[in-house]
Every structure is written in C-alpha cells, then in structure tokens.
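Let's read this one together, feature by feature. Have the sequence and the model open as we go.

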Amino acid sequence: MTNELYMQRCLELAAMGMGNVSPNPMVGCVIVSDGKIIGEGYHARFGEAHAEVNAINSVVHNYGNTAETLLAAATAYVSLEPCAHFGKTPPCADLLIKHRIKKVVIGNTDPFDGVNGKGIEKLKNAGIEVVSGVLEAECSQLNRRFFTRIGQQHPYIILKWATSANGYFAPENTTQQWISGPEAKKLVHKWRTEEDAVLVGRLTAMADNPRLTVREWYGRNPVRIVVDRHLQVPSSHHIYNKEAKTIIFNEQKTDVQENIHFIQMEDMQHYLPQKIAFQLYLMDIASVIIEGGAQVLNQFIQARLWDEARVFRSAVSWPAGIPSPELNLQSCAITDQFPIGKDQLTIYKNNPS
C-alpha cells in the first residue's frame, strides 16, 4: 500500500493547482528517501515550474549540501508521466535523470503527443526503475478535463441546472426566479473558479442579466461565453462589463473590443454544440460549464456532447413553468448524490456509445 499512499498525496498536491494550470494537467510530486518524504511540489500556475521541479527544489532548499545524496537514493512519485519535450519549461524527465533519482512511480501516462510514453522511455534508458499505473483511475478522474481535451478534441463539458420538485426549470414568462437555495449558489461560484469558461444562451443573458463571475467564493473569474446569434443582448447588460473576458458567438461579426471577443459562426441553426465545442478546443479552453437556458442545454443533450451533468432538485414545487432538460438515463450514470442545503444535488456522467 505504500505506493498508493504516496500517490494519494500526489493527488492532494495536484488538486491545489485547480483552476490555475489549464490547459495543462494538474500534477503533484512527492520525493521519498528511506521511508521519509523529503520534498513535495505541484504545478501551481500555467507557464510556471512543473511539479517535479518544485519538488526537487524543495529538497535542495531543505537539505542543502546533502540534497544530491538523498535524491540519488530517492523514489519520486508523480501523478502524471514526466514530460519529455521542451515547452514553456524544460523536460522534467531530464531533470529526474540529472539528479540521478533511483526510482519513479507514476499514476497516469500522458496522452499528449509530445510525451505519451516518451518520458517513461527516457527514464528507463537512463537506468531508472519505473512503476506506472498506481491509482490510475483516481489520477484519470482528477485530470478528466485534460484527457478529454487531448483525446476527444473538445473541452470537458459540464451541464448545470436547477429544477423544481415537479420538474420545472424556469418561469413561463421572462422574470427571474431562483429555484435552488443560497448554499447551491455558493457552490456554483466555487465551480466557476475551477473551470475555464461558463456559457449561457441569449434568452438567459437577457432574462437573468447574469454576471457569470465569482462573487461568493475566492478565485479567478472564468471566461464568459454567450450564444447570441443576432447580437440582441443589450450592451448595458452585465455580460458586457469588464469583470472578465467575454466571448460572444454570433452570426454578425468577428471583432475584439477590449475584453469582449465577438466570434462569428456560420449557420448557427445547425450543429451548434459541435461548432462551439470545436471552437473552444481551438482556443485552449479545456472545460466549460453550460448554465442555461433550457434550449442550449437541450441542444447539447440531444447532440450527446457533454461529459458531466450537475442537477440541483428543489423541495419546492411550482404551479407551472418551462420543463427542465431531461437526460437519457440509459446512456448516463449517477456518480454522486448529496444534499446541498435544502436541495438535492445529483451528478451524472455521460457514457456515450
């Protein structure tokens, strides 16, 4: 169980990079010598040092002149295969070889073309013992956004909505009416800090006038995305303020006005989810939460182009309203379910055929 315990610590460290490293994966590294952790590190911010670099630097900082001797007898645990290519930073596999690390234990291999086994090959060719596949499922779950983007050429797509106890999504008129409670709202703001972007359709942007920012949690604002085919959302609405970068998918123009990016698409009546997903992939957006409205959510459901759905169910019934989106329960599975205040949160995973 020793390998699993140290890999679990790698995952705890890796998760500290949530929301700050995309489109890179989250990675944690633990260095162990003689049964003792002598160094730790994680990838904290995109473009900055990787987990292995930070872990080795912590050993050098803490142990000074004895660091190299300790490293030469040490095992490095890392949640993702060390990179083997020059990107914004030098290859981490070369760094481990340089410090004569004795053994490397890996959670996942890296599917990126520049790595994908090349890091492991480098380590083995240098005489380093390599063990891979430790807590592989847990490591994959942590980096599901990265693996989806690399493997499927689209961002990790999260659908989110709230429904009344009797299945209504919104009032029949255009007034705003909250379904879920304040605890759910705070949780949604936390989720926004963890994903690259948040998306709504025109009707939601006009009726709710949302900010789509983080106000009830600490963290950075996601990129805001609005689907507004004919540019009907008034520029006085919150979505046009300067709080965050905003992308407007439309059929009228491509333009950049300060933080507002207008991106023109052709024929938005057809294959819209696919077009949005591919455009976001090209823009290095690795994950997006689709928060409404019902029409946009249903389009992604019908296209079977989603990875995870997070649905709040209120205990309160409404006399009437717009029906909530419905998932095909034959092609998805419930992965978690728990109360959030007075609401019930159910998380679904898509299982596309």
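Q: How many bridges join strand 14 to strand 17?
A: First, the ground rules: this is a predicted model, where local features need pLDDT of at least 70, side-chain atom pairs count only at pLDDT 80 or more, and totals for chains, interfaces and linings use all residues. Residues are numbered from 1 along each chain as its sequence is written, and side-chain values use heavy atoms, with hydrogens and water left out. Strands are DSSP runs of E, at least two residues, and helices are runs of H or I, at least four residues, numbered from the N terminus. Two strands pair if DSSP finds at least two bridges between them. Here 6 bridges join strand 14 (residues 308-313) to strand 17, and the two run antiparallel. Phenylalanine 312 sits opposite leucine 345 of strand 17.

Q: Which residue in strand 17 is the bridge partner of alanine 333?
A: That's lysine 349. Strand 16 (residues 332-340) pairs with strand 17 in the antiparallel sense, over 8 bridges. Their hairpin has 2 residues between the strands, and glycine 341 there takes a positive phi near 65 degrees.

Q: Why is strand 17 described as largely enclosed by the rest of the structure?
A: Buried means under 20% relative accessible area, exposed over 50%, and partly exposed in between (1.4 Å probe, protein chains only). Strand 17 (residues 343-350) has 6 of its 8 residues buried, so it is largely enclosed.

Q: Is glutamate 52 buried or exposed?
A: Buried, because its relative accessibility is 3%. Glutamate 52 lies in helix 2 (residues 51-63).
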